[in-house]
Amino acid sequence: MHTGCLTFRVARLLGATGFAVLRRLAFLLFVVALFLPLARAALVWYVRGTFDPVPPTERSAAAMRGLAVSAESTSEADAVRGAAANLRYRFDPHAVAVVVTNRGPAGAQGEFLPFLNLIRVQRSVVRLGRIPLQWTLAHEIGHYVDDRFMTDPARARFRSLRRIPPSLTWQAPSAEWSRRPNEDFAEVFATLAVPSAVIPPATAYGRVANAPALVTLLRRTGIVFGAPPRLVTLDYAAKRQVEQLRGALSEPLLAAPVLALVATYLLVGALPYAVTSWRSSIDAEGVPHESH
């Protein structure tokens with residue numbers, strides 16, 4: 001095989017493969033741009049029954065500079081403050097303190113100590129990224145607001161809204177974790193407080209199907225969530241979706257599998273074009289015949 005022929009084949013192969021990759025990538029970006037906002041809005045609606053067309057604007061960790069965080073590094077402390085700053089519930093940063101620790105109750109990702117107004121978060125959760133950290137933090141803040149604001153009549157109303165059996169005491173230490181009313185309150189609070197809640201409460205009482213009634217109940221006790229989303233414009237919505245996608249891809253739990261899936265999708269789509277291009281370049285040169 002002549003060097004020129006080989007170079008021609010390689011050039012055709014690279015050109016066809018590159019074109020196929022660009023086509024597949026353009027189609028993927030179109031699907032993501034269309035599907036991601038719809039999927040997020042649908043999940044939020046399913047989880048808490050509210051329609052939020054775009055994620056709210058991100059707030060920096062500096063918004064929670066008053067929150068005392070004991071951690072091994074500045075990055076850990078900033079991660080906790082950033083997660084807290086972007087909750088829909090704007091709590092007083094001086095009301096609680098957070099400790100990032102390797103110790104805690106077996107199987108628990110976090111813990112609230114009411115006598116100290118102290119939240120302990122497992123270091124492994126911080127390392128998992130913003131999404132699990134924010135949920136854990138919101139759950140433990142839910143225990144704080146329960147201890148600080150909820151009254152017996154408010155708890156009775158919450159039980160009614162969540163269809164919790166009246167035979168269970170609020171703490172219900174002898175019941176399974178998933179059936180305890182105070183744990184369900186913390187899960188529901190987290191569902192309402194996390195900006196883009198895409199998983200329902202892990203307790204036995206199901207998803208939040210009556211968010212407006214629960215928000216009204218909490219507001220009457222002094223637990224107020226942030227204002228509704230601002231009037232959405234196309235450029236604002238696009239900017240927020242890009243920011244959310246960038247943030248999601250920075251999560252250790254999501255980045256590796258997503259990138260692996262994208263690479264597989266591009267490779268599988270480009271491979272037939274590469275094979276066809278290589279074979280057609282051979283056919284174009286013709287098959288040499290032996291002379292007798």
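Predicted model: local features only at pLDDT ≥ 70, side-chain atom pairs only at ≥ 80, totals over all residues.

Biologist: Thanks! How much space lies in the second largest pocket?

Modeller: The volume here is the space filled by probe spheres set on the grid points. For the second largest pocket, that comes to about 700 Å³.

Biologist: Which element gives the largest share of the lining of that second largest pocket?

Modeller: The lining of the second largest pocket has 26 residues, and H139, E140, H143, W177 and E183 lie nearest its centre. At least two lining residues come from each of β3 (110-113), α4 (130-149) and α6. With 7 residues, the largest share belongs to α4.

Biologist: And how many residues of this lining are nonpolar?

Modeller: Sorted by class, the lining of the second largest pocket holds 8 charged and 8 polar residues. The nonpolar ones number 10.

Biologist: Let us stay with α4. How far apart in space are F149 and T221, C-alpha to C-alpha?

Modeller: F149 sits in helix α4. Beyond its neighbours within four places in sequence, F149 touches Y89, T221, G222 and I223. F149 and T221 are 72 residues apart in sequence, yet their C-alpha atoms are separated by 5.9 Å.

Biologist: R163 and A172 both lie in the loop between α5 and α6. Is A172 buried or exposed?

Modeller: Neither residue is a glycine, but R163 has a positive phi of about 55° and A172 one of about 45°. R163 has 75% relative accessibility, so R163 counts as exposed. A172 has 4% relative accessibility, so A172 counts as buried.

Biologist: Now the whole chain. What share of the 292 residues of the protein counts as buried?

Modeller: The protein has 9 helices and 4 strands, which follow one another as α-β-α-β-β-β-α-α-α-α-α-α-α. Among contacts between residues at least 6 apart in sequence, 65% join residues at least 24 apart. Of the 292 residues, the buried share is 38%.

Biologist: Which element has the highest mean pLDDT?

Modeller: Over the whole protein the mean pLDDT is 79, with 62% of residues at 70 or more. Among the elements, helix α8 (residues 234-249) has the lowest mean, 59. The highest mean, 96, belongs to helix α5 (residues 152-162).

Biologist: One last thing: how many contacts beyond near neighbours in sequence does the stretch of residues 287-292 have in the model?

Modeller: One stretch with pLDDT under 50 is residues 229-234, which has 5 contacts beyond four places in sequence. Over residues 287-292 the pLDDT is also below 50. There, the number of contacts beyond near neighbours in sequence is 0.

Conventions. Residues numbered from 1 in each chain as written. Heavy atoms only, no water. pLDDT = per-residue confidence, 0-100. Contact = heavy atoms within 4.5 Å. Buried < 20%, exposed > 50% of the residue type's maximum accessible area, 1.4 Å probe, protein only. 1 Å grid on protein atoms, 1.4 Å probe; cavity = no way out; pocket = protein on both sides within 12 Å on 5 of 7 lines; lining within 4 Å. Nonpolar A, V, L, I, M, F, W, Y, C, P; charged D, E, K, R; others polar.
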